[in-house]
Amino acid sequence: MKLYAWLIGVCIGGVVLNVAAEVALVPATLLLWQEQETGIDPYPSRMLVTEHFIRSDDGQDDGNFILFDRLSRKIYSVSHEQRTILVIEAEKMSDTSGAPPIKELLQPDPEAPKIDGRPVSHFQLYSGDQECLQATVVPSLMPGVVAAMRDMQAVLAARQYRDLDKTPEDYRTPCYLANYIYAIDWHLQAGFPIMEVRQDGWQRALLDYRSAHSVAPELFILPKGYTEEKLQ
C-alpha cells in the first residue's frame, strides 16, 4: 500500500488549529497530525518541538497535554480535570535477549511527491513473517526534530519493557514487541515520518508543519498545585 496517496488527499498546509500566535517568544517546530485508532474516529493532534521539550496535545493551549523534558528525560502527562501530573522517568533496558527476529525494508519511492524538495522513502518493519509497521519517511528532513522524537521513544520503550510482565500475554505479540519496545524508533532512523500505520490499527498522518514557528513559553511549564504521581 502506498501511504503517500492518502496524504495527498488531505493536503499538507490545509489545517489550522488553535495555536498560540499572539505571543511569539519561544522558537519551535509545529507539527499537526491526524491520528486514528481502531474503533475511534480520526482526531487532530499537535506536537511542538523545541531544543529542550516536546509538547503533545489536541491543539488547544489550555487542554491536557504530554510534556517530554529532554534534559531530565522525563515524560509528564498533565490532566487539568484531575489536577494531576503523571511522571514517567527514564530507565535503561537491562536485557534485550527477549527481542523477536526483526527486520526492516527501506526503499526510495520515486512516484511519491517530494516534501520540501526532498524525495521520500517507503519503510516497512517485520517481525517474523508479519508486517508490523509501514511508514512514509523523508530522509534528512528536520533532523533535530527527529532526534527529539527518538529521545522520547527511547524513554517509552524502556518503560514498556519494564511493564512487560503487566501486559496481558496475548498482547505480547512479535509485532507488539517490535513496535513498542525493541524497534520503536527504527522508522525514525530512516527519516522524518509523514505517515505511519501500525499492525494494531493505529495510524498517523502529517497534515502540516512549520519549522519556523513561535509559541508562548507557558506551554512548556507544568501547572503549579497539581498532584504529581510517579508511574510505578
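Here is a short chat about the predicted model shown above.

Q: What does the secondary structure of the chain come to?
A: This predicted model has 4 helices and 12 strands.

Q: What holds strands of a sheet together in general?
A: Strands pair through backbone hydrogen bonds, and they can be parallel or antiparallel.

Q: Which way do S8 and S9 run, parallel or antiparallel?
A: Strand S8 (residues 121-127) and strand S9 (residues 130-138) run antiparallel. They are joined by 7 bridges. In this pair, Ser127 stands opposite Gln130 in S9.

Q: Which core residues touch the most other members?
A: Leu31, Ile54, Met149 and Phe192. As for elements, those giving two or more residues are strands S1, S2, S10 and S11 and helix H2.

Q: What is Ile54 in contact with, leaving aside its neighbours in sequence?
A: Beyond four places in sequence, Ile54 contacts Met47, Leu48, Val49, Ile66, Leu67, Phe68, Ala148, Met149 and Met152.

Q: What about the second core?
A: It is separate and has 15 residues. Among them are Leu32, Leu48, Phe65 and Val215.

Q: Now H3. Why is it largely enclosed?
A: Because 8 of its 9 residues are buried, helix H3 (residues 174-182) is largely enclosed by the rest of the structure. The buried ones are Cys175, Tyr176, Leu177, Ala178, Asn179, Tyr180, Ile181 and Tyr182.

Q: What do they pack against?
A: Strands S7, S8, S9 and S10, plus helices H2 and H4.

Q: Buried or exposed?
A: Val87 is buried, because its relative accessibility is 5% and buried means under 20%.

Q: Which residues does Val87 touch?
A: Not counting residues up to four places away, it touches Lys74, Ile75, Tyr76, Glu228, Glu229, Lys230 and Leu231. Take Glu228: it is 141 residues from Val87 along the chain, yet their C-alpha atoms are separated by 6.9 Å.

Q: How much of the chain counts as buried?
A: 46% of the 232 residues.

Q: And the accessible surface?
A: It comes to about 11,900 Å², with 51% belonging to carbon and sulfur atoms.

Q: Last topic, backbone angles. What is the phi of Arg73?
A: It is positive, about 55 degrees, although Arg73 is not a glycine. Arg73 sits in the loop between S4 and S5. It is partly exposed, at 31% relative accessibility.

Q: And Ser140?
A: Ser140 has a positive phi too, about 70 degrees, and is not a glycine. Its place is the loop between S9 and H2. Ser140 is exposed, with a relative accessible area of 54%.

Notes
Residues numbered from 1 in each chain as written. Predicted model: local features only at pLDDT ≥ 70, side-chain atom pairs only at ≥ 80, totals over all residues. Heavy atoms only, no water. Buried < 20%, exposed > 50% of the residue type's maximum accessible area, 1.4 Å probe, protein only. Contact = heavy atoms within 4.5 Å. Areas by Shrake-Rupley, 256 points an atom, 1.4 Å probe, with all protein chains shown as cover. Core = buried A, V, L, I, M, F, W, Y, C linked by side-chain atoms within 4.5 Å. Pairing = 2+ DSSP bridges.
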